[in-house]
Amino acid sequence: MLDVTFIRNNPDIVKKAMVNKGEDNPQLIDEVINVDEQWRSLVEETDNLRSESNTKAQKIGELMGQGKKEEAQEIISYTTKLKEQIQEKEEQLRSLKQAREDLLLQIPNVPHESVPIGETEEDNEVFKTWGEPHGEDWRKPHWEIVEEQGWIDFARGAKVTGAGFPFYVGPIARLQRALVNYFLNRAAEAGYTELQVPYFVNEDSARGTGQIPDKEDMMYEIPRDDFFVIPTAEVPITNFHRDEILEDEKLPLYYAAFTPCWRREAGSYGKDVKGLNRLHQFDKVELVKIVYPDTAYDELESLREHAESLLEELQIPYRTLLMCTGDMGFTQSKKYDLEVWSPGQKRWLEVSSCSNFGSFQARRMMLRRRKDNSDTEILHTLNGSGLALPRVVAAILEIYQQEDGSIKIPEVLQSFMGTDTITPTN
(Lines give C-alpha, C1' and ligand atoms only; values in the text may rest on other atoms or scores of the structure.)
Protein backbone atom coordinates (compact mmCIF):
# COMPACT_ATOMS: atom_id res chain seq x y z
CA MET A 1 0.00 0.00 0.00
CA LEU A 2 1.28 3.44 -0.91
CA ASP A 3 1.37 6.28 1.62
CA VAL A 4 -1.67 8.49 1.00
CA THR A 5 0.49 11.58 1.62
CA PHE A 6 2.83 10.47 -1.17
CA ILE A 7 -0.16 10.01 -3.47
CA ARG A 8 -1.59 13.40 -2.55
CA ASN A 9 1.75 15.12 -3.21
CA ASN A 10 2.64 13.13 -6.34
CA PRO A 11 -0.59 12.21 -8.17
CA ASP A 12 0.93 12.36 -11.65
CA ILE A 13 3.82 10.06 -10.69
CA VAL A 14 1.42 7.46 -9.29
CA LYS A 15 -0.92 7.72 -12.29
CA LYS A 16 2.01 7.22 -14.67
CA ALA A 17 3.18 4.24 -12.62
CA MET A 18 -0.26 2.66 -12.87
CA VAL A 19 -0.31 3.06 -16.64
CA ASN A 20 3.22 1.65 -16.93
CA LYS A 21 2.16 -1.37 -14.86
CA GLY A 22 -0.77 -2.01 -17.18
CA GLU A 23 -3.46 -0.79 -14.78
CA ASP A 24 -6.27 0.88 -16.71
CA ASN A 25 -7.91 2.82 -13.87
CA PRO A 26 -5.67 5.79 -12.92
CA GLN A 27 -8.88 7.61 -11.92
CA LEU A 28 -8.47 5.75 -8.63
CA ILE A 29 -5.87 8.35 -7.71
CA ASP A 30 -8.39 11.18 -8.00
CA GLU A 31 -10.90 9.14 -6.00
CA VAL A 32 -8.52 8.40 -3.14
CA ILE A 33 -7.38 12.04 -2.99
CA ASN A 34 -11.01 13.19 -2.89
CA VAL A 35 -11.92 10.77 -0.10
CA ASP A 36 -8.76 11.72 1.81
CA GLU A 37 -9.65 15.42 1.55
CA GLN A 38 -13.13 14.69 2.90
CA TRP A 39 -11.61 12.68 5.74
CA ARG A 40 -9.09 15.38 6.68
CA SER A 41 -11.76 18.10 6.56
CA LEU A 42 -14.03 16.02 8.76
CA VAL A 43 -11.18 15.37 11.21
CA GLU A 44 -10.77 19.13 11.60
CA GLU A 45 -14.51 19.62 12.13
CA THR A 46 -14.65 16.80 14.68
CA ASP A 47 -11.63 18.13 16.58
CA ASN A 48 -13.24 21.58 16.74
CA LEU A 49 -16.44 20.07 18.13
CA ARG A 50 -14.47 18.09 20.73
CA SER A 51 -12.60 21.24 21.75
CA GLU A 52 -15.85 23.16 22.09
CA SER A 53 -17.41 20.32 24.08
CA ASN A 54 -14.45 20.28 26.48
CA THR A 55 -14.63 24.06 26.93
CA LYS A 56 -18.37 23.91 27.63
CA ALA A 57 -17.84 21.08 30.12
CA GLN A 58 -15.45 23.28 32.11
CA LYS A 59 -18.01 26.09 32.01
CA ILE A 60 -20.67 23.79 33.41
CA GLY A 61 -18.48 23.10 36.43
CA GLU A 62 -17.91 26.80 37.02
CA LEU A 63 -21.62 27.62 36.79
CA MET A 64 -22.61 24.79 39.11
CA GLY A 65 -20.03 26.02 41.60
CA GLN A 66 -21.62 29.47 41.43
CA GLY A 67 -25.10 28.06 41.98
CA LYS A 68 -26.24 28.97 38.46
CA LYS A 69 -27.99 25.68 37.80
CA GLU A 70 -30.36 26.94 35.09
CA GLU A 71 -27.51 28.37 33.01
CA ALA A 72 -25.54 25.18 33.55
CA GLN A 73 -28.53 23.09 32.43
CA GLU A 74 -28.75 25.05 29.19
CA ILE A 75 -25.10 24.30 28.46
CA ILE A 76 -25.61 20.64 29.42
CA SER A 77 -28.40 20.41 26.82
CA TYR A 78 -26.14 22.04 24.25
CA THR A 79 -23.19 19.74 24.98
CA THR A 80 -25.51 16.73 24.69
CA LYS A 81 -26.25 17.80 21.14
CA LEU A 82 -22.54 18.37 20.56
CA LYS A 83 -21.78 14.82 21.66
CA GLU A 84 -24.41 13.49 19.28
CA GLN A 85 -22.81 15.48 16.46
CA ILE A 86 -19.35 14.20 17.42
CA GLN A 87 -20.59 10.61 17.49
CA GLU A 88 -22.18 11.04 14.07
CA LYS A 89 -19.00 12.54 12.62
CA GLU A 90 -16.85 9.78 14.15
CA GLU A 91 -19.01 7.24 12.35
CA GLN A 92 -18.53 9.19 9.10
CA LEU A 93 -14.78 9.25 9.74
CA ARG A 94 -14.69 5.47 10.14
CA SER A 95 -16.65 5.06 6.92
CA LEU A 96 -14.37 7.45 5.00
CA LYS A 97 -11.25 5.82 6.39
CA GLN A 98 -12.46 2.39 5.27
CA ALA A 99 -13.36 3.76 1.83
CA ARG A 100 -9.90 5.31 1.53
CA GLU A 101 -8.21 2.04 2.51
CA ASP A 102 -10.30 0.07 0.03
CA LEU A 103 -9.15 2.43 -2.72
CA LEU A 104 -5.51 2.35 -1.58
CA LEU A 105 -5.51 -1.46 -1.76
CA GLN A 106 -6.26 -1.20 -5.48
CA ILE A 107 -3.28 1.04 -6.30
CA PRO A 108 -0.06 -0.77 -7.33
CA ASN A 109 3.44 -0.01 -6.12
CA VAL A 110 5.50 2.60 -7.97
CA PRO A 111 8.40 1.12 -9.97
CA HIS A 112 11.93 2.22 -9.17
CA GLU A 113 13.49 4.60 -11.69
CA SER A 114 15.90 1.86 -12.83
CA VAL A 115 13.06 -0.42 -13.97
CA PRO A 116 12.60 -0.51 -17.77
CA ILE A 117 9.21 0.65 -19.02
CA GLY A 118 7.44 -2.01 -21.04
CA GLU A 119 4.26 -4.01 -21.45
CA THR A 120 5.23 -7.67 -21.89
CA GLU A 121 8.05 -10.14 -21.20
CA GLU A 122 9.60 -9.07 -24.49
CA ASP A 123 10.47 -5.75 -22.83
CA ASN A 124 12.45 -7.30 -19.95
CA GLU A 125 16.19 -6.62 -19.99
CA VAL A 126 18.87 -9.31 -19.72
CA PHE A 127 20.85 -8.18 -16.69
CA LYS A 128 23.33 -11.05 -16.53
CA THR A 129 24.14 -14.40 -18.14
CA TRP A 130 26.22 -17.22 -16.69
CA GLY A 131 27.41 -20.49 -18.20
CA GLU A 132 27.15 -21.99 -21.66
CA PRO A 133 23.74 -23.47 -22.52
CA HIS A 134 23.93 -27.13 -23.55
CA GLY A 135 22.52 -27.81 -26.99
CA GLU A 136 23.16 -31.44 -27.96
CA ASP A 137 20.29 -32.92 -29.97
CA TRP A 138 20.31 -36.22 -28.05
CA ARG A 139 19.24 -34.56 -24.80
CA LYS A 140 15.68 -35.50 -23.83
CA PRO A 141 13.15 -33.28 -22.06
CA HIS A 142 12.84 -34.17 -18.40
CA TRP A 143 9.34 -35.64 -18.67
CA GLU A 144 10.58 -38.34 -21.04
CA ILE A 145 13.43 -39.22 -18.67
CA VAL A 146 11.26 -39.52 -15.55
CA GLU A 147 8.37 -41.30 -17.26
CA GLU A 148 10.69 -43.92 -18.78
CA GLN A 149 12.18 -44.67 -15.35
CA GLY A 150 9.05 -44.17 -13.24
CA TRP A 151 10.81 -41.46 -11.22
CA ILE A 152 7.88 -39.02 -11.31
CA ASP A 153 4.32 -40.32 -11.61
CA PHE A 154 2.04 -37.70 -13.11
CA ALA A 155 -0.78 -40.15 -13.89
CA ARG A 156 -1.16 -41.44 -10.33
CA GLY A 157 -0.91 -37.88 -9.02
CA ALA A 158 -3.81 -36.94 -11.29
CA LYS A 159 -5.75 -39.98 -10.07
CA VAL A 160 -5.20 -39.19 -6.40
CA THR A 161 -5.67 -35.42 -6.60
CA GLY A 162 -5.64 -33.92 -10.10
CA ALA A 163 -3.34 -32.64 -12.81
CA GLY A 164 -0.37 -30.71 -11.44
CA PHE A 165 0.03 -32.82 -8.27
CA PRO A 166 2.75 -35.38 -9.15
CA PHE A 167 4.31 -38.14 -7.06
CA TYR A 168 8.12 -38.03 -6.83
CA VAL A 169 9.53 -41.54 -6.59
CA GLY A 170 12.82 -43.01 -5.36
CA PRO A 171 15.93 -41.12 -6.51
CA ILE A 172 14.02 -38.00 -7.59
CA ALA A 173 12.34 -37.78 -4.18
CA ARG A 174 15.85 -37.97 -2.68
CA LEU A 175 17.09 -35.37 -5.17
CA GLN A 176 14.36 -32.99 -4.03
CA ARG A 177 15.30 -33.57 -0.39
CA ALA A 178 18.96 -33.03 -1.21
CA LEU A 179 18.19 -29.71 -2.89
CA VAL A 180 16.11 -28.55 0.09
CA ASN A 181 18.90 -29.36 2.56
CA TYR A 182 21.52 -27.77 0.33
CA PHE A 183 19.50 -24.58 -0.16
CA LEU A 184 18.72 -24.24 3.56
CA ASN A 185 22.34 -24.85 4.55
CA ARG A 186 23.52 -22.20 2.11
CA ALA A 187 20.90 -19.78 3.43
CA ALA A 188 22.13 -20.33 6.98
CA GLU A 189 25.70 -19.67 5.86
CA ALA A 190 24.50 -16.39 4.32
CA GLY A 191 22.94 -15.28 7.61
CA TYR A 192 19.30 -16.28 7.18
CA THR A 193 17.40 -17.65 10.18
CA GLU A 194 15.44 -20.77 9.30
CA LEU A 195 11.72 -20.86 10.11
CA GLN A 196 9.11 -23.59 9.95
CA VAL A 197 5.89 -21.82 9.08
CA PRO A 198 2.14 -22.48 8.91
CA TYR A 199 0.86 -23.67 5.54
CA PHE A 200 -2.49 -21.92 6.02
CA VAL A 201 -2.92 -18.17 6.55
CA ASN A 202 -5.84 -15.90 7.35
CA GLU A 203 -7.19 -13.04 5.27
CA ASP A 204 -5.16 -10.38 7.10
CA SER A 205 -1.95 -12.21 6.20
CA ALA A 206 -2.95 -12.58 2.55
CA ARG A 207 -3.81 -8.90 2.42
CA GLY A 208 -0.59 -7.93 4.17
CA THR A 209 1.67 -9.31 1.44
CA GLY A 210 -0.60 -8.23 -1.40
CA GLN A 211 -2.10 -11.56 -2.42
CA ILE A 212 -5.50 -9.91 -1.99
CA PRO A 213 -7.15 -8.02 -3.50
CA ASP A 214 -4.91 -8.85 -6.48
CA LYS A 215 -4.24 -12.59 -6.69
CA GLU A 216 -7.27 -14.31 -5.16
CA ASP A 217 -7.65 -16.53 -8.22
CA MET A 218 -4.14 -17.90 -7.67
CA MET A 219 -4.81 -19.23 -4.16
CA TYR A 220 -6.62 -22.28 -2.87
CA GLU A 221 -9.14 -21.45 -0.14
CA ILE A 222 -10.57 -23.31 2.84
CA PRO A 223 -13.84 -21.38 3.21
CA ARG A 224 -15.11 -23.32 6.23
CA ASP A 225 -12.22 -21.97 8.30
CA ASP A 226 -11.56 -18.73 6.40
CA PHE A 227 -8.02 -19.82 5.51
CA PHE A 228 -5.94 -19.51 2.38
CA VAL A 229 -3.41 -22.22 1.50
CA ILE A 230 -0.03 -20.54 1.03
CA PRO A 231 1.09 -19.89 -2.56
CA THR A 232 4.60 -19.21 -1.22
CA ALA A 233 6.34 -19.05 2.15
CA GLU A 234 6.66 -15.30 1.57
CA VAL A 235 3.18 -14.88 3.03
CA PRO A 236 3.65 -16.41 6.51
CA ILE A 237 7.27 -15.29 6.84
CA THR A 238 6.65 -11.63 6.01
CA ASN A 239 3.60 -11.58 8.30
CA PHE A 240 5.68 -13.03 11.15
CA HIS A 241 6.21 -9.49 12.49
CA ARG A 242 2.90 -7.96 11.39
CA ASP A 243 1.64 -5.20 13.71
CA GLU A 244 5.00 -5.04 15.49
CA ILE A 245 7.46 -2.25 16.20
CA LEU A 246 10.99 -3.64 15.93
CA GLU A 247 13.96 -2.22 17.76
CA ASP A 248 16.91 -1.12 15.63
CA GLU A 249 19.28 -3.63 17.18
CA LYS A 250 17.20 -6.48 15.69
CA LEU A 251 17.53 -5.18 12.12
CA PRO A 252 18.02 -6.18 9.42
CA LEU A 253 16.17 -9.50 9.64
CA TYR A 254 16.83 -12.35 7.19
CA TYR A 255 14.58 -15.43 7.17
CA ALA A 256 14.49 -18.65 5.15
CA ALA A 257 11.88 -21.39 5.03
CA PHE A 258 11.17 -24.53 3.07
CA THR A 259 7.50 -25.19 2.31
CA PRO A 260 5.25 -26.81 -0.20
CA CYS A 261 3.44 -24.15 -2.23
CA TRP A 262 -0.01 -24.37 -3.78
CA ARG A 263 -1.22 -22.29 -6.72
CA ARG A 264 -4.38 -22.64 -8.73
CA GLU A 265 -2.56 -21.09 -11.73
CA ALA A 266 -5.84 -19.62 -12.96
CA GLY A 267 -5.47 -18.41 -16.52
CA SER A 268 -2.46 -20.64 -17.24
CA TYR A 269 -4.40 -23.17 -19.28
CA GLY A 270 -3.14 -23.32 -22.83
CA LYS A 271 0.40 -22.45 -21.77
CA ASP A 272 3.19 -25.02 -21.75
CA VAL A 273 2.26 -27.10 -18.72
CA LYS A 274 4.04 -30.33 -19.63
CA GLY A 275 6.12 -32.16 -17.04
CA LEU A 276 7.39 -30.02 -14.18
CA ASN A 277 7.00 -26.73 -16.02
CA ARG A 278 3.82 -25.65 -14.24
CA LEU A 279 2.39 -27.40 -11.19
CA HIS A 280 -0.37 -26.76 -8.67
CA GLN A 281 1.78 -28.08 -5.80
CA PHE A 282 5.55 -27.65 -5.65
CA ASP A 283 8.35 -27.21 -3.12
CA LYS A 284 10.39 -24.07 -2.62
CA VAL A 285 12.92 -22.51 -0.28
CA GLU A 286 12.04 -18.86 0.24
CA LEU A 287 14.27 -16.00 1.40
CA VAL A 288 12.75 -12.92 3.07
CA LYS A 289 14.40 -9.72 4.25
CA ILE A 290 13.04 -6.99 6.56
CA VAL A 291 15.38 -4.02 6.31
CA TYR A 292 15.98 -0.30 6.76
CA PRO A 293 14.43 1.84 3.98
CA ASP A 294 17.75 3.36 2.88
CA THR A 295 19.42 -0.05 2.38
CA ALA A 296 16.61 -1.88 0.58
CA TYR A 297 17.95 -1.66 -2.98
CA ASP A 298 21.43 -2.80 -1.89
CA GLU A 299 19.72 -5.66 -0.07
CA LEU A 300 17.94 -6.58 -3.31
CA GLU A 301 21.26 -6.93 -5.12
CA SER A 302 22.68 -9.18 -2.38
CA LEU A 303 19.46 -11.24 -2.41
CA ARG A 304 19.82 -11.69 -6.17
CA GLU A 305 23.45 -12.72 -5.72
CA HIS A 306 22.47 -15.29 -3.07
CA ALA A 307 20.02 -16.93 -5.49
CA GLU A 308 22.47 -16.75 -8.40
CA SER A 309 25.24 -18.37 -6.36
CA LEU A 310 23.12 -21.48 -5.88
CA LEU A 311 22.80 -21.97 -9.63
CA GLU A 312 26.50 -21.34 -10.14
CA GLU A 313 27.41 -23.94 -7.53
CA LEU A 314 25.01 -26.38 -9.20
CA GLN A 315 26.73 -25.56 -12.51
CA ILE A 316 23.43 -24.74 -14.19
CA PRO A 317 23.58 -22.07 -16.94
CA TYR A 318 21.21 -19.20 -16.20
CA ARG A 319 20.29 -15.68 -17.09
CA THR A 320 19.01 -12.89 -14.85
CA LEU A 321 16.27 -10.61 -16.20
CA LEU A 322 15.43 -7.13 -14.94
CA MET A 323 11.68 -7.13 -15.23
CA CYS A 324 9.87 -4.31 -17.01
CA THR A 325 7.01 -2.34 -15.46
CA GLY A 326 4.28 -4.35 -17.17
CA ASP A 327 5.72 -7.76 -16.28
CA MET A 328 6.81 -7.40 -12.67
CA GLY A 329 3.58 -7.47 -10.71
CA PHE A 330 1.32 -5.31 -8.58
CA THR A 331 3.35 -5.18 -5.37
CA GLN A 332 6.98 -4.90 -6.48
CA SER A 333 9.03 -1.74 -6.97
CA LYS A 334 11.86 -3.71 -8.63
CA LYS A 335 12.18 -7.36 -9.57
CA TYR A 336 14.72 -9.76 -11.04
CA ASP A 337 13.83 -13.16 -12.49
CA LEU A 338 16.40 -15.96 -12.71
CA GLU A 339 15.91 -18.41 -15.56
CA VAL A 340 17.78 -21.68 -16.11
CA TRP A 341 18.53 -23.21 -19.49
CA SER A 342 16.55 -26.34 -20.32
CA PRO A 343 18.51 -28.19 -23.03
CA GLY A 344 15.81 -30.84 -23.47
CA GLN A 345 13.23 -28.18 -24.24
CA LYS A 346 15.59 -25.60 -25.77
CA ARG A 347 14.10 -22.83 -23.64
CA TRP A 348 14.61 -20.78 -20.48
CA LEU A 349 12.66 -21.69 -17.31
CA GLU A 350 12.09 -19.32 -14.40
CA VAL A 351 13.34 -20.68 -11.07
CA SER A 352 13.48 -17.56 -8.91
CA SER A 353 12.07 -14.07 -8.54
CA CYS A 354 13.89 -11.58 -6.31
CA SER A 355 11.80 -8.55 -5.43
CA ASN A 356 11.92 -5.32 -3.48
CA PHE A 357 8.52 -4.16 -2.23
CA GLY A 358 9.72 -0.98 -0.54
CA SER A 359 7.24 -0.05 2.19
CA PHE A 360 4.30 -1.44 0.19
CA GLN A 361 3.78 -4.64 2.18
CA ALA A 362 5.03 -3.30 5.51
CA ARG A 363 2.54 -0.41 5.44
CA ARG A 364 -0.32 -2.87 5.01
CA MET A 365 1.04 -4.90 7.93
CA MET A 366 2.01 -1.91 10.09
CA LEU A 367 5.51 -3.36 10.32
CA ARG A 368 7.66 -0.60 11.77
CA ARG A 369 10.93 0.17 13.54
CA ARG A 370 11.57 2.33 16.57
CA LYS A 371 13.85 5.24 15.72
CA ASP A 372 16.23 6.86 18.22
CA ASN A 373 13.83 9.71 18.94
CA SER A 374 11.03 7.21 19.72
CA ASP A 375 9.22 7.94 16.44
CA THR A 376 8.36 4.96 14.24
CA GLU A 377 9.13 4.34 10.59
CA ILE A 378 7.68 1.84 8.12
CA LEU A 379 10.25 -0.82 7.24
CA HIS A 380 10.94 -2.28 3.78
CA THR A 381 10.50 -5.92 2.77
CA LEU A 382 12.09 -8.12 0.11
CA ASN A 383 11.84 -11.75 -0.90
CA GLY A 384 13.29 -14.21 -3.35
CA SER A 385 13.09 -17.87 -4.24
CA GLY A 386 16.18 -19.67 -3.13
CA LEU A 387 15.11 -21.73 -5.12
CA ALA A 388 11.86 -23.19 -6.50
CA LEU A 389 12.50 -26.90 -6.98
CA PRO A 390 10.51 -28.27 -9.96
CA ARG A 391 12.35 -26.47 -12.73
CA VAL A 392 15.70 -26.84 -10.96
CA VAL A 393 15.05 -30.59 -10.90
CA ALA A 394 14.05 -30.43 -14.58
CA ALA A 395 17.25 -28.56 -15.45
CA ILE A 396 19.45 -31.01 -13.51
CA LEU A 397 17.82 -33.99 -15.24
CA GLU A 398 18.29 -32.45 -18.67
CA ILE A 399 21.78 -30.96 -18.16
CA TYR A 400 23.30 -33.86 -16.20
CA GLN A 401 21.77 -36.69 -18.21
CA GLN A 402 24.26 -39.02 -19.89
CA GLU A 403 23.82 -40.81 -23.19
CA ASP A 404 23.50 -44.14 -21.36
CA GLY A 405 20.43 -42.82 -19.50
CA SER A 406 22.13 -42.18 -16.16
CA ILE A 407 22.00 -38.83 -14.36
CA LYS A 408 25.15 -37.36 -12.85
CA ILE A 409 24.59 -35.63 -9.52
CA PRO A 410 25.94 -32.07 -9.19
CA GLU A 411 29.02 -32.17 -6.99
CA VAL A 412 27.51 -29.95 -4.26
CA LEU A 413 24.60 -32.40 -3.86
CA GLN A 414 26.56 -35.65 -3.75
CA SER A 415 27.07 -35.65 0.02
CA PHE A 416 23.30 -35.14 0.51
CA MET A 417 22.44 -37.88 -2.00
CA GLY A 418 25.10 -40.36 -0.91
CA THR A 419 25.96 -41.06 -4.55
CA ASP A 420 27.32 -39.29 -7.60
CA THR A 421 25.01 -40.93 -10.14
CA ILE A 422 21.37 -41.91 -10.53
CA THR A 423 21.39 -45.17 -12.46
CA PRO A 424 18.43 -46.08 -14.69
CA THR A 425 16.52 -49.24 -13.77
CA ASN A 426 14.61 -49.66 -17.05
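Where is the place of His306? His306 sits in helix α10, which covers residues 296–314. The model is predicted.

**His306**
- Leaving aside residues up to four places away in sequence, His306 touches Ala190, Tyr192, Leu287 and Lys289.
- Val14 is 292 residues from His306 along the chain, and their C-alpha atoms are separated by 32 Å.

**Helices α5 and α12**
- Helix α5 (residues 142–149) packs with helix α12 (residues 389–399) at an angle of about 85 degrees.
- The axes of α5 and α12 are 9 Å apart.
- Angles from 65 to 115 degrees count as roughly perpendicular, so α5 is roughly perpendicular to α12.
- From α5, the contact uses His142, Ile145 and Val146.
- From α12, the contact uses Ala394, Leu397 and Glu398.
- By class, this contact of α5 with α12 has 4 nonpolar, 1 polar and 1 charged residues.

**Second largest pocket**
- The second largest pocket holds about 460 Å³ of space.
- This pocket is lined by 20 residues, and the closest to its centre are Met1, Glu101, Arg363, Arg364 and Met366.
- Elements giving two or more residues to the lining are α1 (4–9), α4 (69–104), α8 (203–208) and α11 (360–365).
- Helix α4 gives the most to this lining, with 4 residues.
- By class, the lining of the second largest pocket has 10 charged, 8 nonpolar and 2 polar residues.

Note on methods:
Residues numbered from 1 in each chain as written. Predicted model: local features only at pLDDT ≥ 70, side-chain atom pairs only at ≥ 80, totals over all residues. Heavy atoms only, no water. 1 Å grid on protein atoms, 1.4 Å probe; cavity = no way out; pocket = protein on both sides within 12 Å on 5 of 7 lines; lining within 4 Å. Points joined across faces, edges and corners; volume = space filled by probe spheres on them. Nonpolar A, V, L, I, M, F, W, Y, C, P; charged D, E, K, R; others polar. Axes fitted to C-alpha atoms, helices over the stretch in contact; angles between N-to-C directions. Parallel < 35°, antiparallel > 145°, perpendicular 65-115°, else oblique. Contact = heavy atoms within 4.5 Å.
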